[in-house]
Every structure is written in structure tokens, then in C-alpha cells.
Amino acid sequence: MTDRPIILVGFVNALAELSGFLPEGSVVLVEEPDVVRKRGVRAIVDSSPLVRELVEWEHQLPGAADAFFAARPDLHASAVVPFVEYATPFAARLAERCGVPGAGFGAAGLMRDKSLLRKVTRAAGIPNPASEAVESPEDVLRFMAEHPGPVVLKPADRQGAVGTRILHDPAEVPGAWEECRVHDEGAMVPDRPRAVRMLVEEYVAGHEYSVEMVVRDGVPLFTNVTDKLLYPGPHPVELGHVLPAPIEADLAADLEASTTAVLRATGFGSGFVHCEWIVRDGVPVLVECAGRFPGDGIVEMIERAYEQPVGQYYFAVMRGIEPPEFPRTAPQVAAVRFAPAVSGEILEITGLEAANELPGVVRCWIGPPVGEVVPELRHSWHRVGAAVVLAPTAAEATALAEKAMGQVRVVTRPVGSA
């Protein structure tokens, strides 16, 4: 056990992976009391030799990090790492108070607020779509009249495409407004009400990518570009990823430079950055940028493709330890393909065994069991499963991921039907 713990903020069930390189008893996990209860976190961490203590703390409230620092001087951290989007401001401020590497409270606040991020990065000359804060359907209709073409209605401070919808016709606005203001993230968030702030933005047509970086004192130490595919339809939920992206070196360099420009504009210090872009007419246009680990298993995919423990190196950076040299090239390509959208009560799941037997398939799974009711796909939490694969090339990885997911059949029926 180390005297100064590593504080993880926000629960992600990755304790087994962290146990591979962090000492026993070195971790203190901080999570919202409601989330601990709803996700059964205490039972999970009680069985982990890695976790010294689980602290239930309302870390998403203003002033929470300073109150925590004052109340628990015994937990003066050697590192503070945010594991979920809503934990980033708390982690950044606590890192400042503990004098350890972090994003910086100002940078974390800008990245958590899509409206502020647009304001600051636009001022720095980074291409952004036209965007406005809106408080009513009438505001959305006015924006659509001033900006012909499709628009995106979205919340300013949510994750996983929650409350996000693409609108093509003004007639869609009243219904979309009511739908998009409902942000039910279930067990992932505390029960207390949270303010709803909405944005409407110009829809940017083009191919989507994300850039993953490990950053120390504003300088990228590692960069990966991920190719992204979305489900068809009005909700821009990610259907698949391929990394490293099969793109020309010039475009990869442009995406890296654009992400570095976001770091400079926000004053980002140290941490993991996941920055999303749409390339329109050869120019990267900023979608959003998060100062934490990417979701969707991208870190695992990076480690498998690059064949080095990038996550472990990142933890060294956050602990103020000189990491080994980060990889520059990937010997393999990793891909993930999420399951086709389904809704209703699950009656049958078949094909998983066949999918997992395919050479190159790392893992193929369906999360909800038979009997569970799956809602209509509106955000990332509604996806039911995925296939993760490795292959020598992007084309082979993409084909294998599609083939593996194609083996799986999830049969549902509408809720209430006989």
C-alpha cells in the first residue's frame, strides 16, 4: 500500500486491468452516492485488492473538489484520474489542490461545456459549426431560418449523444425539442435534477474521426486517429470504430495539429484527450473534445493495435513519473462494430459462440439478457453489444468486425405484445 493514493473519480469496471500495474491498496475510488447504489459499485470494489477505499461524494456539484480536499486531508493524492465525463472538473480541481498533474480546472470546465468550448476555440481560429444556445422551439426555428439545411439539436453538457438529434425539417422541431430535453442516463448519473441547457448547431456533412492523445504539460506524447461510423437515422450514435484510421498522412497530421490547437486554446495541462472532428472538404471541423479516457473500449483497442500498455504509460504521466517511450506506429489494426439497433423485450440471442470462434475476434458480446427490455436507440447507452477484432489491415478488420456481428441474432418483440 502506498501512503499517497491514486484517486480515481467515476466508476468504470476496469479494476482488473489496473491491477496489472498499480500496487495493491493504492486506489481510492470517488463516486456519487446514487451511482454507487444503482450500479452496485460497493460490492464490486470490496472484492478488489486494488481499492483501499470507496468514498461516496457528490463530486458533480460546484465546490465539491475543494470540500473533499478540506474534509479528507488524509487522502492527499499522488495522482487524480477522471474515469468518466462528468468527473473531469472535480478531478482537475482536486489535482490542483494536491499539486499533481491534471488538465487544469479552467480547461476541464471549457471541455465540459460545449458552448464555451466553441466560443474559445472559434476565437483561436479553429473551424467550428455555427452554434447558438436555445431556450425554446422558437429559437430553434429562427436558427433554421437563418442557416438553411439540416441542424443538430443537442445539450451543452451531456455525454454519449444523449439528447442529440439531427433535424431536416422545421416540422420536426416541436417533437424533437420535447424528446431532446429528456436526458435519462439511468444508473450512470445521480438522481438529483440537473439543469438542461440546449444548443442548436449547423449540421456538418463529412467523415468523422476522433483523435486520442496522452498529454503532459500541454505537449502530446502519444497520438492516435480513430475512424468512426455512425448508425443511420436522426440520432448520431457511433456504430463502429477502426484504429489507426486508414487515412493519408497529411490528413492525420492535420487532425493532430487541430487537436493540439484545442489544447493550446483551452490551456489543457496533462491527461488523456479524446477530440472528435468532422472533415468537410478536407478541413477538420470541431465536434467536441473531452479531457478523459475515450469510451467504447478505444483504450483497449489502442493497446491491442499498438501492442504497448498505453494506459499504464498514461498513469505514469499522471503520477509525475517519466513514462517509457510511447509507440509511434501500430503493427495491427483494431476495429469494433456495435450490434444493430434493436428495441423491445429480448426473446432470444444466438450466434455468439460462432462469432467468438472466428480467427481475429477478441470478444463479441450482447449485454442485456433474454427477458430484458431494450429501449429505442437514441444514445450510446442503448447499444446492446459489440464485436472487437484485430487484423493486419483496416479493410480486413472492418470486414471481420462486420462478419462477427453478422453471426449474432437478437430477437425482440414490442413491449406489451403477446
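With a relative accessibility of 64%, D217 counts as exposed (over 50% is exposed, under 20% is buried and anything in between is partly exposed, using a 1.4 Å probe and protein chains only). This is a predicted model, so to speak of a local feature takes pLDDT of at least 70 and a side-chain atom pair counts only at pLDDT 80 or more, while totals for chains, interfaces and linings use all residues. Residues are numbered from 1 along each chain as its sequence is written, and side-chain values use heavy atoms, leaving out hydrogens and water.

D217 sits in the loop between β9 (207-216) and β10 (219-230); helices are DSSP runs of H or I with at least four residues, strands are runs of E with at least two, and both are numbered from the N terminus. The phi of D217 is near 50°, a positive value in a residue other than glycine. E307, in the loop between α11 (298-306) and α12 (310-318), also has a positive phi, near 60°. At 48% relative accessibility, E307 is partly exposed. For context, most residues other than glycine have a negative phi, and most peptide bonds are trans.

E238 belongs to strand β11 and, at 12% relative accessibility, counts as buried. Its side chain makes a polar contact of 3.4 Å with that of K228 (a pair of N or O atoms within 3.5 Å; within protein, one must be able to donate a hydrogen and the other to accept it, and residues adjacent in sequence count only if both atoms are side-chain atoms). Leaving aside residues up to four places away in sequence, E238 touches several others, including E208, Y231, E276, D296, F338 and R383, where contact means heavy atoms within 4.5 Å.

Further along, L243 and P244 are joined by a cis peptide bond with omega about -10°. P244 lies in the loop between β11 (238-243) and α10 (249-266).

## An enclosed strand

Which residues of β18 point one way, and which the other? G385, A387, V389 and A391 point one way, A386, V388 and L390 the other way, and all are buried. Because seven of the seven residues of β18 (residues 385-391) are buried, the strand is largely enclosed by the rest of the structure.

β18 pairs with β14 (residues 333-338) in the antiparallel sense over six bridges; strands pair if DSSP finds at least two bridges between them. Within β18, A387 is the bridge partner of R337. β16 (residues 361-366) runs antiparallel to β18 and is joined to it by five bridges, with W365 opposite A386.

The buried residues of α5 include T88, F90, L94 and C98. They pack against β1 (6-9), β2 (27-31), α4, β4 (79-82) and α6. Just after α5, G99 takes a positive phi of about 70°.

The second largest pocket has a volume of about 580 Å³. Of its 23 lining residues, Q60, L61, P62, P89 and R112 are the closest to its centre. On a 1 Å grid over the protein atoms alone, a cavity is a set of points where a 1.4 Å probe fits but cannot get out, a pocket is an open set with protein on both sides within 12 Å along at least five of seven lines, and lining residues have an atom within 4 Å of a point. Points are joined across faces, edges and corners, and a volume is the space filled by probe spheres set on them.

α4 (64-71), α5 (88-98) and α6 (105-112) each supply at least two residues of this lining. The lining divides into ten nonpolar, four polar and nine charged residues (Ala, Val, Leu, Ile, Met, Phe, Trp, Tyr, Cys and Pro count as nonpolar, Asp, Glu, Lys and Arg as charged, and the others, Gly among them, as polar).
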